[in-house]
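Please keep the sequence and the model in view while reading.

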Amino acid sequence: MTIALQPGPAPRTAVRGRYGRLMTWLLRATLRLDTAIHRIWPTDYNPLYYTGGLANLFLLILVLSGLFLFFYYEASLGGAFDSVRYITEGVPYGGIIRGVHRYAADAFIVAVLLHLFRNWFTDRYLFSRDNPWISGMFLLVFGGFVGVTGYQLIWDERAQVLTGLFLGLLRSIPGVGDPLARIFLGGAGVSDGTLVRILFLHIAPASTLYVLLWWHYLRLRHPKIWPPATWVLFSVGLIFLLAGIIPARGGEPAAPGARPTGFPLDLFFLLPFWLLNWIPPGGMVAALALLVVLGLAIPYVGRREHPEAMNVRHAGVAQVIDGNCTGCELCYYDCPYNAIIMVSSPAPGLSRAAANRTLLAVVLESRCVECGICVGACPFEALELPGFLERDVKRLVAEAVRA
């Protein structure tokens with residue numbers, strides 16, 4: 001049976017063409033992947049449902065292992081490499097902890113990217129979900145930057161090359177490039193002060209990640225912030241296994257005046273530096289800036305549908321029917337967008353069920369996405385969508401049955 005909805009205006013602003021078809025194909029591919037995974041694991045254990053929680057797990061591992069490394073690290077030209085080597089070879093289990101820190105960083109970025117792509121392909125960035133999307137983009141940018149500075153802290157040949165390339169990127173920024181480079185160096189050239197600044201640029205953005213996570217979860221009522229115990233044990237075990245089988249090793253120590261020509265590539269953090277083989281620094285800065293801007297704009301320009309073309313889903317902000325509200329809080333707990341709050345009731349309700357209420361539901365218009373979940377959650381007919389009332393649904397169903 002199909003329900004014939006009221007004919008609405010043509011979707012004049014809907015995103016069509018190749019982008020729309022591509023996103024539709026990606027949505028279907030994501031759902032097919034879910035179906036394939038469910039043949040292996042129960043639905044509740046689909047790892048793609050917990051990419052955000054897995055990112056939190058790997059971030060916690062990074063913090064704990066980072067604290068361990070911090071106690072032994074010396075931020076100076078003469079001591080940085082030796083302190084890292086001492087951690088790896090001299091401190092009991094230091095090599096394992098360093099490996100855990102290194103592989104947890106890669107796992108964090110992988111989890112964040114999977115989380116981003118899954119939410120992008122399934123349209124989970126629209127309307128009031130723009131805040132989680134934007135904060136997620138900042139989490140990705142900050143996480144990538146923290147990873148780059150982590151490689152610089154080792155102060156081996158790779159760190160020396162990366163620092164030179166990073167300075168080239170800074171200096172290519174029109175107007176402010178040279179002052180930023182001097183601030184980063186802390187003088188005319190690389191010095192002990194430079195390592196102190198790199199350490200600060202590693203720790204401060206890493207600490208900011210938790211502020212961004214607070215922003216990320218601010219509008220979500222029931223976020224999955226932690227994966228099931230099965231995936232926690234598997235992930236932690238895999239990280240330790242990799243750290244034991246493939247230990248994290250640095251290269252040769254950096255040397256003044258040396259001109260290393262290459263470095264081992266980490267695709268998750270160092271890809272832009274590798275691309276500098278073909279792209280000039282100014283072009284790379286512009287490309288990265290454009291990529292970030294496009295990512296931030298996706299919730300506003302990447303919609304396949306717009307409200308005026310969504311018909312039933314453009315049903316108006318949910319309205320509380322004061323006389324019927326019993327203050328039961330069911331809508332408050334079911335709303336995934338934190339769009340309903342409970343306040344002290346100024347007076348009893350009109351219905352028998354609402355006569356002794358102490359609370360009253362209030363809809364925050366700025367947060368309501370007109371999804372209708374609260375209407376379904378309320379057993380007392382105390383909520384409605386003004387553009388699509390319950391009687392409209394019944395009428396459309398009746399019309400469909402008659403057809």
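Predicted model: local features only at pLDDT ≥ 70, side-chain atom pairs only at ≥ 80, totals over all residues.

What volume does the second largest pocket have? The second largest pocket has a volume of about 980 Å³. Its lining draws two or more residues from each of α2, α3, α4, α5 and α8. Altogether 37 residues line the second largest pocket, and those nearest its centre are Gly-66, Leu-69, His-101, Gly-150 and His-202.

**The chain as a whole**

The protein chain contains 14 helices and four strands. It has 403 residues, of which 42% count as buried. Among contacts between residues at least 6 apart in sequence, 75% join residues at least 24 apart.

**The pockets and cavities**

The largest pocket has a volume of about 1,500 Å³. Its lining comprises 43 residues, and Val-141, Phe-145, Pro-272, Leu-288 and Val-292 are the closest to its centre. At least two lining residues come from each of α4, α5, α6, α7, α8, α10 (267–275) and α11 (281–301). The greatest contribution to the lining of the largest pocket is that of α11, with 10 residues.

The structure also holds three cavities of 30 Å³ or more. In the largest cavity, the lining residues closest to the centre are Cys-335, Ala-339, Cys-368, Cys-371 and Cys-374, out of 14 in the lining. The second largest cavity is lined by residues that include Cys-325, Cys-328, Cys-331 and Cys-378. Also in that lining are Thr-326, Glu-329, Met-342 and Phe-380, among others.

The table sets out the volumes and the classes of lining residues.

| Space | Volume | Lining residues by class |
|---|---|---|
| Largest pocket | about 1,500 Å³ | 40 nonpolar, two polar, one charged |
| Second largest pocket | about 980 Å³ | 24 nonpolar, seven polar, six charged |
| Largest cavity | about 90 Å³ | 12 nonpolar, one polar, one charged |
| Second largest cavity | about 60 Å³ | nine nonpolar, two polar, one charged |

**Helix α8**

Helix α8 covers residues 192–217, and its end C-alpha atoms are 39 Å apart. This agrees with expectation, because 26 residues at 1.5 Å a residue should span 38 Å. Which residues of α8 are buried? They are Thr-194, Leu-195, Ile-198, Leu-199, His-202, Pro-205, Leu-209, Leu-212, Leu-213, His-216 and Tyr-217. The elements that cover these buried residues include α2 (51–72), α3, α4 (94–121), α5 (130–153), α6 (157–171) and α7 (177–185). One of the buried residues of α8, His-202, is also among the residues nearest the centre of the second largest pocket. Helix α8 supplies at least two residues to the lining of the largest pocket, and it gives two or more to that of the second largest pocket.

**Helix α1**

Helix α1 consists of 22 residues, 17–38, and extends 32 Å from its first C-alpha to its last, close to the 32 Å expected at 1.5 Å a residue. Its buried residues are Gly-20, Met-23, Leu-26, Thr-30, Asp-34 and Ile-37. They lie on the same side of α1, because they cover an arc of only 125° around the axis. An α-helix has 3.6 residues a turn, so residues three or four places apart point the same way. What covers the buried residues of α1 includes α4.

Which exposed residues does the face of α1 turned away from its buried side carry? That face carries Arg-18, Arg-21, Trp-25, Arg-28 and Arg-32.

**Two individual residues**

Ser-83 belongs to helix α3, which comprises residues 80–89. Is Ser-83 buried or exposed? Ser-83 counts as buried because its relative accessibility is 7%, and the cut-off for burial is under 20%. Apart from neighbours within four places in sequence, Ser-83 is in contact with Tyr-72, Tyr-73 and Glu-74.

Pro-346 lies elsewhere in the chain, in the loop between β2 (340–344) and β3 (359–363). With a relative accessibility of 71%, Pro-346 counts as exposed, since exposure requires a value over 50%. Between Pro-346 and Arg-357 the C-alpha to C-alpha distance is 9.7 Å, and the two are 11 residues apart in sequence.

Key. Residues numbered from 1 in each chain as written. Heavy atoms only, no water. Buried < 20%, exposed > 50% of the residue type's maximum accessible area, 1.4 Å probe, protein only. Contact = heavy atoms within 4.5 Å. Expected span 1.5 Å × (residues − 1). 1 Å grid on protein atoms, 1.4 Å probe; cavity = no way out; pocket = protein on both sides within 12 Å on 5 of 7 lines; lining within 4 Å. Points joined across faces, edges and corners; volume = space filled by probe spheres on them. Nonpolar A, V, L, I, M, F, W, Y, C, P; charged D, E, K, R; others polar. Arc of directions from axis to C-beta.
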